[in-house]
Amino acid sequence: AKITLQPKNAKAISNMLTGIFFEDINYAADGGLYAELIQNRGFEYKPSDKSFSDKDWNSTFAWSLKGDQTVLKIDSVSPVHTNNLHYAVLDVKVPGAALTNNGFDGIAVKKGENYNFSIFSKQLQGNNGSFEVRLVSEKQGILGKLKIKSTSSWKQVNGIFNSAANATDARIEIVPLATGKFAFDMVSLFPQKTFKGRKNGLRADLATLIADIHPKFVRFPGGCLAHGDGIQNIYNWKNSIGALEARKPDRNLWGYHQTMGLGYFEYFQFCEDIGAAPVPVIAAAVPCQNSGTGGGGQQGGIPMAEMDQYIQDIVDLVEYANGDVNTTWGKKRAEAGHPKPFNLKYIGIGNEDQITEVFKERFTLIYKALQKKHPEITIIGTAGPFFEGTDYEEGWKIATDLKVPIIDEHYYQSPGWFINNQDFYDQYDRSKSKVYLGEYAASLPGGNKTNLETALAEALYLTSLERNGDVVCMASYAPLIAKDGHTQWNPDLIYFNNSEVKPTTGYFIQQLYGNNAGDQYLPSELKLSNNQDQVAKRIAISTVKNTKTNELFIKLVNLLPVSVNTSIDLSEVATIEKTALKTEISGNPSERLIMPATSKVNIEDPLKLPAYSFTVLKIKLS
Ligand code: AHR
């Protein structure tokens with residue numbers, strides 16, 4: 001094969017093509033990216049959180065009482081905060097029993113590292129008691145201890161554990177040291193080493209892996225989670241900010257519980273920390289498929305009489321993110337520790353909705369009001385999966401009629417689909433809305449598994465997104481992360497447990513696109529010795545230039561079972577050095593995990609594209 005670059009025909013493309021989609025699915029937030037180690041810290045789990053019956057899923061889930069002569073009760077008579085009604089009461093006849101929490105399938109700690117403990121407590125009966133808090137490993141015994149004095153009214157107390165050993169089987173034990181009644185709430189344990197050391201922060205290993213993609217944007221909090229499965233379950237960003245004990249927990253439509261500990265402030269902070277644009281997605285005032293009733297929600301959309309308040313909440317979000325510290329919501333951001341604006345530029349309205357009259361009426365109201373009040377915000381509409389027909393067409397129709405700047409498309413398909421549809425955007429009408437491919441993934445039929453073949457199909461499709469980067473402005477693989485044993489959706493980009501993170505091959509494809517991105521696309525001529533359609537479709541090339549750093553990135557995908565010898569004619573571009581950095585992922589297509597390998601190559605030398613490979617060349621230009 002021979003490749004000739006044609007820089008004279010270069011065109012401007014989006015400089016934020018690779019981003020991430022974060023949804024609290026698969027325990028992505030609580031028990032996942034959010035670094036809190038105590039499960040059900042506020043005793044707020046409810047049977048209705050679950051989409052299937054689980055007799056243990058209630059205020060005491062993850063908690064137990066070890067020992068006797070003490071009774072554990074859940075009370076709600078005088079809570080720390082009305083949004084956090086339940087708390088534990090231990091009625092101690094003879095001291096010795098322990099209220100224990102084993103986190104999310106055990107607590108993982110590292111020897112010598114500090115863990116911030118915090119608890120709200122009050123003594124309801126008996127005087128001047130105190131209680132001990134222990135960090136205990138099932139196998140290794142006590143790893144740390146704290147002694148805390150009781151008070152007669154709710155008081156938050158903080159302490160630090162320095163773990164005496166590495167463990168993945170630790171738990172917290174709270175042991176009253178006197179007789180009487182002791183109340184406990186908001187029991188929390190955080191590693192001190194969170195991502196960037198943020199308070200109430202994120203798990204460093206997972207957040208670092210995500211940051212290493214160098215995503216240009218972060219979409220949150222969903223997915224379906226954003227619109228919920230009934231109008232009471234629509235994600236309300238206002239419930240996710242402020243003091244942790246005052247946040248309003250909710251049922252997660254994926255069948256568990258959201259503490260809201262990872263809330264809008266934390267999402268914005270994470271975006272800033274990794275240099276990505278925040279892209280919150282707000283429901284278009286309709287829940288999932290705007291007819292869903294899920295866990296007891298109401299049908300249809302938010303009543304029209306409540307739409308003014310609903311729209312005001314979205315307007316308030318802009319003020320929370322960008323407003324001056326003297327504004328009502330800007331002040332709340334400043335109080336949370338961030339007086340400077342978060343520089344919010346995008347808001348998504350709707351997620352994969354059925355485009356019914358209920359939707360259209362509400363979307364139009366929100367769109368027009370937000371556009372009027374905040375013309376500086378780019379609104380992203382929704383089209384959903386194109387193969388599901390009318391909603392996709394109707395989604396596009398409303399976007400075209402209203403001139404919505406960007407529209408969100410989703411599709412999960414087989415590798416073959418991505419290979420056969422790489423011309424999907426070639427004919428898109430450039431005068432219409434731009435596209436945010438908000439959710440996509442290639443998966444194998446049946447098992448929903450991924451391997452090198454699925455990763456290469458994504459890499460190949462991404463060459464076509466770069467080629468169409470004048471109309472496709474953003475793209476994010478979905479879902480992003482999934483916890484072992486708590487996965488509702490496969491495939492995912494990164495799997496993890498309490499102590500390990502396990503990127504897939506597809507992760508490295510995203511990382512290579514995120515780290516080798518440009519703002520200009522350079523067409524190229526690809527001459528193949530065998531030009532049959534099925535051969536040509538399995539080879540793809542995309543060249544982009546970063547005009548700020550003056551770097552050229554050539555991406556080559558070979559999905560053929562044989563290697564391809566090629567050479568690249570770079571005579572039309574002025575390079576600084578003849579040496580390029582080559583990164584390659586190649587191997588057996590059914591292999592699950594293949595890591596990239598880097599080497600230096602001379603750009604004038606012939607280049608061999610191994611069978612089933614993705615190659616990226618990074619070249620410095622003069
Ligand atoms: O990514 C998983 C789910 O797929 C999202 O929540 C939803 O938007 C889509 O159907």
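Which residues of helix 7 are buried? The buried residues of helix 7 are D391, Y392, G395, W396, I398 and A399, where buried is the word for a residue with 20 or more other C-beta atoms within 10 Å of its own, exposed for one with 12 or fewer, and partly exposed for those in between, the C-beta atoms being placed from the backbone. This is a predicted model, in which local features need pLDDT of at least 70 and side-chain atom pairs count only at pLDDT 80 or more, while totals for chains, interfaces and linings use all residues. Residues are numbered from 1 along each chain as its sequence is written. Helices (H or I, at least four residues) and strands (E, at least two) are DSSP runs, and they are numbered from the N terminus.

- Helix 7 takes in residues 390-402, and at 1.5 Å a residue its 13 residues should span 18 Å, which agrees with the 18 Å between its end C-alpha atoms; the expected span is 1.5 Å times one less than the number of residues.
- The buried residues, among them Y392 and W396, cover an arc of only 165° around the axis, which puts them on the same side of helix 7; this arc is that of the directions from the helix axis to the C-beta atoms.
- An α-helix has 3.6 residues a turn, so residues three or four places apart point the same way.
- On the other side of helix 7, the residues T390 and D401 are exposed.
- What covers the buried residues of helix 7 includes helix 6 (357-373), strand 20 (378-384) and strand 21 (406-413).

- Helix 7 is followed by K403, a residue that is not a glycine and yet has a positive phi of about 55°.
- K403 has its place in the loop between helix 7 and strand 21, and K403 is exposed, with 10 other C-beta atoms within 10 Å.
- N343 is likewise not a glycine, although its phi is positive, at about 60°.
- The loop between helix 5 (328-335) and strand 19 (346-349) holds N343, which is exposed, with 12 other C-beta atoms within 10 Å.

- The peptide bond that runs from A478 to P479 is cis, with omega near -20°, and P479 lies in the loop between strand 23 (472-477) and strand 24 (481-483).
- N490 and P491 are joined by a cis peptide bond whose omega is about -5°, and P491 lies in the loop between strand 24 and strand 25 (494-496).

Methods. Contact = placed C-beta atoms within 7 Å.
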